[in-house]
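Please keep the sequence and the structure in view while reading.

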Amino acid sequence: MSDGTTLSIKRSITVRAVVTPAWKEEAERELSNAIATSDQQLAQLEQEGQQVVEEIRRQSANPLDPRVQEQVAQVQQQVAAKRAELEEQKRNVLQQQAQVRELEMEQIVEQGQIESFCDLKVGDNLVTKMKVAVVVRDGVVESIEQG
């Protein structure tokens, strides 16, 4: 590659947020909504599981037949596995909510990643070009940190 050639590369940029009352309120609202969604999913799972079990038993001539009992047990196992997964997700969100409540104002927290492109040329430091972070306060870019 010659000295005048540039290459456009994609890089991940870390988004850091300054904790403010508005940021905390929005984070709390999003986490509360996620908890409510988890509760709805759990209730729907229980209802659908019960409906499937009732349908299996209703369609069977003998609900006490071992094959019917096995089908019911399989459905109940699937429901229990999905319930455990949903409950774990809910526990994680509750833990995040507790962490958000403990954050102090003006503290800087990592909020996520975005991607961008940058030009790279011979002589550039690749590590420096790749290490970029944006600090935002209530959605407004406060600084861009490189390296």
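Contact here means heavy atoms within 4.5 Å, and helices (H or I, at least four residues) and strands (E, at least two) are DSSP runs, numbered from the N terminus. The model is a predicted one, in which local features need pLDDT of at least 70, side-chain atom pairs count only at pLDDT 80 or more, and totals for chains, interfaces and linings use all residues. Residues are numbered from 1 along each chain as its sequence is written, and side-chain values use heavy atoms, with hydrogens and water left out.

The expected span of a helix is 1.5 Å times one less than its number of residues. For the 39 residues of H1 (residues 21-59) this gives 57 Å, which agrees with the 57 Å between its end C-alpha atoms. A residue is called buried under 20% relative accessible area, exposed over 50%, and partly exposed in between (1.4 Å probe, protein chains only). The buried residues of H1 include Trp-23, Ala-27, Leu-31, Ile-35, Leu-42 and Val-53. Among the elements that cover the buried residues of H1 are strand S1 (6-18), helix H2 (66-102) and strand S2 (108-121).

Charged side chains form a further set of links. Side chains of opposite charge can pair when their charged atoms come close. A salt bridge is counted where a side-chain nitrogen of Lys or Arg lies within 4 Å of a carboxyl oxygen of Asp or Glu, and the structure holds 15 of them. One joins Arg-29 to Glu-26, with the closest N and O atoms 2.6 Å apart. Both residues belong to helix H1 and are separated by 3 residues, about one turn of the helix. Arg-29 counts as partly exposed because its relative accessibility is 41%, and Glu-26 is partly exposed at 33%.

Other salt bridges reach between elements. Lys-90 pairs with Asp-39, the closest N and O atoms being 2.5 Å apart. This pair links distant parts of the chain, since Lys-90 is in helix H2 and Asp-39 is in helix H1, 51 residues apart. Glu-106 and Arg-137 also meet in a salt bridge (2.9 Å, N to O). Glu-106 lies in the loop between H2 and S2 and Arg-137 in strand S3 (residues 132-137), so the pair ties together parts that are 31 residues apart in sequence.

Strand S3 leads on to the strand pairings. Of its 6 residues, 5 are buried, and S3 is thus mostly covered. Two strands pair if DSSP finds at least two bridges between them. S1 and S3 pair in the parallel sense over 5 bridges, and Ala-17 has Val-136 of S3 as its bridge partner. S3 and strand S4 (residues 140-146) run antiparallel and are joined by 6 bridges; here the partner of Val-136 is Val-141 in S4. S3 and S4 form a hairpin with 2 residues between them, and Asp-138 in the turn has a positive phi of about 50°.
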